Amino acid sequence: MTITITEIELSLVRLDLIHEFETSSHRKSHLDHIVVRATASDGTVGWGECASPSDPYYCSESTESCWYVLSEHLAPMVLGRPWEHPDDAAALTDRLSGNHFARAGLDMACWDLYGQARGETLATLVGGTAERISAGVSLGIEPTVDALLDQVARHVGDGYRRIKLKCRPGWDLEPVRAVRAAFPGIALQVDANTGYRADSAEHLAALTALDDQGLLMIEQPFAEDDLLGHAGLAARLDTPICLDESITSPAVLATALHLGAADIVNIKVSRLGGIGPSVAVHDVCRAAGVPVWCGGMHEFGIGRAANLAVASLPGFTLPSDVSGSDKYYRQDIVTPPIRATEGLVPVPDARPGLGVHVDESLIRTNRLRHAVLKEG
Ligand code: OSB
Ligand code: MG
């Protein structure tokens, strides 16, 4: 069975966040993601989402770089070119370097088309088995510890199964201790988004001080390329070290595991550039006995559905960041809406492909810009 994409429409869609989100590097009150609508020659429509942060702090991509790469490079490489499997569609764009968030947006749309052509859900196609995913929440840095405690109480009350706190030098031991004291039994972890330096004695002391707080893991304390720094810390601490930003490909993963830089891996479809490399990273981790969990980039329902499909693979043994979209948005762009019940989010299965219906009228009302790309 051959699929040929004949038209790609890009829409820059803005959704307001219910609650502002701050990390070690930036603060957000709304999210702008590029929604990819790919039409195949038989009229089938596949959806993808490019969940790049607006500005290049989490990684070097941005909304504008993704728009440019999708419209000037990725779309021309696939438009009018037949493929049989999404991996073959991805191979059409092999000569493009990096730009994983942009790539993931198109890759998702290819998988959605492929799933519809095969009459199977994305989860089934990748070999996923779980029907529900254990969900945690990622909580941003708050103005005060009390405000953070309110957020934790709210999400624990909603049934979420673990709490991840964003941290940075100066916002680490104090909030962690306060949350531990108020909620002694909860599964708790921190994410530093590269905010610490392995050559700073002060930073190492701050991270070491977290070691007796019963954390599930410390996520990405150091810079993305500092695998040796992470290996050194992993050897020093009892708390497992999890890598997020560092793991950009199966090859980098192999290096990180070889060096002992990662006890746990956060898998993000966006950061890895699509479903294929995400499944590959899962497979390597599973074979090596390294637990993985599914991270997120505040995705709208399209990207969230892709995350859930990947997270249904058997190596995903730790709670994900893939919460219900109502944690972030008043109204999502998909139906049925993605919701957690008692901390479990069902893997979408209402239809083949991504398994959700995209509400095109909401895309039209919430978009800031769009472009239609055709062959030639
Ligand atoms: O590091 O996991 C991260 C959001 C934006 C950028 C980086 C990260 C995050 C999150 C959000 O933690 C997780 C989610 O989508 O709920
Ligand atoms: Mg992270």
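Accessible areas here come from the Shrake-Rupley method with a 1.4 Å probe, and for residues only the protein chains shown count as cover. By that method, the accessible surface of the protein chain is about 14,400 Å². Carbon and sulfur atoms hold 49% of it.

## Basis of the model

This is a predicted model: local features need pLDDT of at least 70, side-chain atom pairs count only at pLDDT 80 or more, and totals for chains, interfaces and linings use all residues. Residues are numbered from 1 along each chain as its sequence is written, chains are lettered from A and ligands numbered from 1 in the order in which they are written, and side-chain values use heavy atoms, with hydrogens and water left out.

## Overall build

The protein chain has 13 helices and 15 strands. Both are DSSP runs numbered from the N terminus: helices are H or I with at least four residues, strands are E with at least two. The radius of gyration, taken over C-alpha atoms, is 20 Å.

Along the principal axes, the C-alpha atoms fill a box of roughly 60 × 40 × 35 Å. Of the 376 residues, 58% are buried. Buried means under 20% relative accessible area, exposed over 50%, and partly exposed in between (1.4 Å probe, protein chains only).

Seven strands form an open sheet in the order 5-6-7-8-9-10-11, with parallel pairing. Strand 5 (137–139) and strand 11 (292–294) stand at the edges with a single partner strand each, so one side of each has no neighbour in the sheet. Two strands pair if DSSP finds at least two bridges between them.

Strand 10 (residues 264–267) runs parallel to strand 11, joined by 3 bridges. In one of the pairings, Asn-266 has Trp-293 of strand 11 as its bridge partner.

## The magnesium site

The magnesium ion (ligand 2) has three protein donors: Asp-191 (OD), Glu-219 (OE) and Asp-244 (OD), 2.1 to 2.3 Å away. Donors are N, O and S atoms within 2.8 Å of the metal (3.2 Å for Na, K and Ca); water is not among the atoms, so sites may look incomplete. The donor spacing in sequence is D-x27-E-x24-D. Asp-191 lies in strand 7 (residues 188–191) and Glu-219 in strand 8 (residues 218–219), so this pair ties together parts 28 residues apart in sequence. Asp-191 and Glu-219 are both buried.

Notes. Rg over C-alpha atoms; globule rule 2.2 N^0.38 Å.
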